[in-house]
Amino acid sequence: MSTSADAHPLFAAALRELGLEVAVRRFPDATRTAAQAAAAVGCEPAEIVKSLVFEADGVPVLVLMDGASRVDLDKVRAELGAQHVGRANADLVRETTGYAIGGVPPFGHRTRTTVLADQGLLAHGTVWAAAGTPHTVFPLDPKSLIEHAGGRVVDVREHTP
C-alpha cells in the first residue's frame, strides 16, 4: 500500500482538491486491462472500473463500466440523444482527460465531460479504478466514486441473451 504520491500528478492534485485520501497501489507490471488489474489487486474483474472515453456526435463522453461488462453503444446513444457514438482515439482520450488509455481515472480530468456510470458498479462494496497511470489503481466505494466523477447512474451495459 502507498499513498496518492504514487498517482499521476494530475490525479494526485484532483485528490487533494477533493480532500480525498485513497490508498493508491502501484504495480511493477501494467494493469491496462480489467483482467490484468483484477489479477494484480486480487479481486473479481467486475470490481474493476473501466473509464472509457467515447465520442457522441463529436463530443467526448466518459463511461464508467465494470471490468466484466461491455458498453452497449445503442444504450449510450439513447441516453445522450446522440446520432453517432464511437470509441475515442488515443489522442482525443489524452487531450480530453490528460491521461493515456489504460490509466484513465474516473475523475480528475483536464476537461469536464458528461459522465455516464453504469448501475452495475453499485453492486459492489468497493471498486478499483486507475489512478492516472497503467501501473496504479485505488479503491473506493462506488457511490462516492460516481459522485466525485459527477456521473449519472444509467444502464448502458450490454446484456447478453
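Leu145 belongs to helix α5, which spans residues 142-149. The model considered here is predicted. With a relative accessible area of 1%, Leu145 is buried. Beyond its neighbours within four places in sequence, the contacts of Leu145 are Val49, Leu64, Pro106, Phe107, Val127, Ala129, Phe138 and Leu140. Thr126 lies 19 residues from Leu145 in sequence, and the C-alpha atoms of Leu145 and Thr126 are separated by 9.6 Å in space.

We turn next to the sheet. Three strands form an open sheet in the order β1-β7-β6, and their pairing is antiparallel. The edges are taken by β1 (25-26) and β6 (127-130); each has a single partner strand, so one side of each is left without a neighbour in the sheet. Between β1 and β7 (residues 136-140), the antiparallel pairing runs over 2 bridges. Within this part of the sheet, Arg25 stands opposite Val137 of β7. Helix α5 packs on the sheet and touches both β6 and β7, with a direction at about 110 degrees to that of β7.

Asp72 sits in the loop that links β3 (59-66) to α3 (73-80). Although Asp72 is buried, it has no salt bridge. How far away is the nearest side chain of opposite charge? That side chain belongs to Lys75, at 4.6 Å from Asp72, whereas a salt bridge requires a side-chain nitrogen of Lys or Arg within 4 Å of a carboxyl oxygen. Apart from neighbours within four places in sequence, Asp72 is in contact with Val156, Arg157 and Glu158.

Definitions and conventions. Residues numbered from 1 in each chain as written. Predicted model: local features only at pLDDT ≥ 70, side-chain atom pairs only at ≥ 80, totals over all residues. Heavy atoms only, no water. Helix = DSSP H or I, 4+ residues; strand = E, 2+ residues; numbered from the N terminus. Buried < 20%, exposed > 50% of the residue type's maximum accessible area, 1.4 Å probe, protein only. Contact = heavy atoms within 4.5 Å. Lys, Arg positive; Asp, Glu negative; His and termini not counted. Pairing = 2+ DSSP bridges. Axes fitted to C-alpha atoms, helices over the stretch in contact; angles between N-to-C directions.
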